[in-house]
Structures are given as C-alpha cells and as structure tokens.
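Welcome! Please take a look at the sequence and the structure below, and then we can walk through them together.

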Amino acid sequence: MRNRTIIETAEKLIKQKGYHHFKMSDISDELEIAKGTIYNHYPSKEDLLFALIYPKFQKLRDSLRGIAKEDTSFDEKFRKVIQEALESDYHQFLLLSFSDMAVLFQEKNQKDMELIQNEVIQEFNNVLILGINEGIIKQNFSADFLSHQILSALNPLLHSLLVNDSAKMTHKEFVKQTTELLLYGIKKG
C-alpha cells in the first residue's frame, strides 16, 4: 500500500515539476511522512523512476502480445499495435517527461530497461512477421529494422510538437496519420 502511494504521488509530482526539478523530499512533504521512509522504499530518485515506468513498459509489452495473437487481418493488428503504443500509459508518461528518461538507460537499471525495450520491439516484430508471411510487407525490409522504426515513431517529441504544444492536430489524428504513414511505407503495391 505504501509503495503504491509513493509511486502515485511521485508520478503526479514528476508530471507537475518534471523529473529534474522533482525531489524525493517533495513526496515526503506531500504525504506528510519522513523523508527516510521514502528512501527505505526507493534508495534513489532513479530507483523510484524505474519503479514507476517499468510496469508501464511491461503493460505495453503485454498488450502488444495480445494484439499479435488476435484473429484479425494484418492491417487491423498493425493499426492496433500503433494505437496501443501511442496511447499506452508508458507513452503518455513519456510525453510529459521524455527528456528525463535517458537516466533509466544508464547504470543500475540499464539492463532491465534494455530487456523490456527489446521485448516490446519483439512484439512489434511478431506482428510484422505475420505481414511478411502473408506477403503484405515489402521483402526489402527486415522485420527487425521495421520494429525499431516503429519504436522510433513512439518518440514523444513529434507528438508534443503537433498535438500538445501547438494543437495542430488531435491525438486521434496523430495516431491515424502515424499508422497510415508506416503502413504505406511497408506494404507492397
């Protein structure tokens, strides 16, 4: 119970202040508990951020796995994969703090973050292999290359520029155009 309360409070504060301006003492102040209590659960700010973001990444991976197993067309699976990736809790958190996420790919949590990222890429790969096997995707692309390109489409900077900051398009339109662009680029014909 206390871990979840700490994580939820940390997420709220990180969204408000940004990771670099957020301090562990902000949580203790908000929850009116001793700062040492926070450090008993999370020895560092990076550990806390990892505990916050890693389950979101796992949930995205699990959702993508389910989509790959659905009995639908490749196009429908692909659309669902892109939509799920862009609407996931992981991506929504990245939209607010993407410049701070690099810290998770350093030192202590690097292996775990790389592992879960590779698992997400593998789930993209699984859907793409279906399209390759069905003869829908151009043969001159490797599934691995395309999977990494899909991951790069999750970069929240473009979303922030077009949807959040300037309101040039809605989130729904952003998802639609991203999906269509990727599908148009990889499909035969």
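## The chain at a glance

In what order do the elements of the chain run from the N terminus on? They run α-α-α-α-α-α-α-α-α-α, and the secondary structure comes to 10 helices and 0 strands. Please keep in mind that this is a predicted model.

The C-alpha atoms fill a box of roughly 60 × 35 × 30 Å along the principal axes. The chain has 189 residues, and 44% of them count as buried. Of the contacts between residues at least 6 apart in sequence, 69% join residues at least 24 apart.

## The nonpolar core

Which residues have the most contacts inside the largest nonpolar core? They are Phe 22, Ile 27, Leu 48, Phe 74, Phe 78, Phe 124 and Leu 128, in a core of 52 residues. Two or more residues come from each of α1 (2-17), α2 (24-31), α4 (45-69), α5, α6, α7, α8 and α10. Helix α4 gives the most, with 11 residues.

Leaving aside residues up to four places away in sequence, Phe 124 touches Leu 64, Val 81, Ala 85, Ser 147, Ile 150, Leu 151 and Leu 154.

## One side of helix α8

In general, an α-helix has 3.6 residues a turn, so residues three or four places apart point the same way.

## Where α6 meets α9

Helix α6 (residues 89-97) packs against helix α9 (residues 156-165) at an angle of about 75°, and their axes are 9 Å apart. That angle makes α6 roughly perpendicular to α9. On the α6 side, His 91, Leu 94 and Leu 95 take part, and they meet Pro 156, His 159, Ser 160 and Asn 164 in α9. Sorted by class, this contact has 3 nonpolar, 4 polar and no charged residues.

Helix α6 also holds Leu 96. Is Leu 96 buried, partly exposed or exposed? Its relative accessibility is 47%, so Leu 96 counts as partly exposed. From Leu 96 to Lys 17 there are 79 residues in sequence, while their C-alpha atoms are 9.8 Å apart in space.

How values were computed. Residues are numbered from 1 along each chain as its sequence is written. This is a predicted model: local features need pLDDT of at least 70, side-chain atom pairs count only at pLDDT 80 or more; totals for chains, interfaces and linings use all residues. Side-chain values use heavy atoms; hydrogens and water are left out. Axes are lines fitted to C-alpha atoms, for helices over the stretch in contact, and angles run from 0 to 180 degrees between N-to-C directions. Helices (H or I, at least four residues) and strands (E, at least two) are DSSP runs, numbered from the N terminus. Angles under 35 degrees count as roughly parallel, over 145 as roughly antiparallel, 65 to 115 as roughly perpendicular and the rest as oblique. Contact means heavy atoms within 4.5 Å. Ala, Val, Leu, Ile, Met, Phe, Trp, Tyr, Cys and Pro count as nonpolar, Asp, Glu, Lys and Arg as charged, and the others, Gly among them, as polar. Buried means under 20% relative accessible area, exposed over 50%, partly exposed in between (1.4 Å probe, protein chains only). A nonpolar core is a set of buried Ala, Val, Leu, Ile, Met, Phe, Trp, Tyr and Cys residues joined through side-chain atoms within 4.5 Å.
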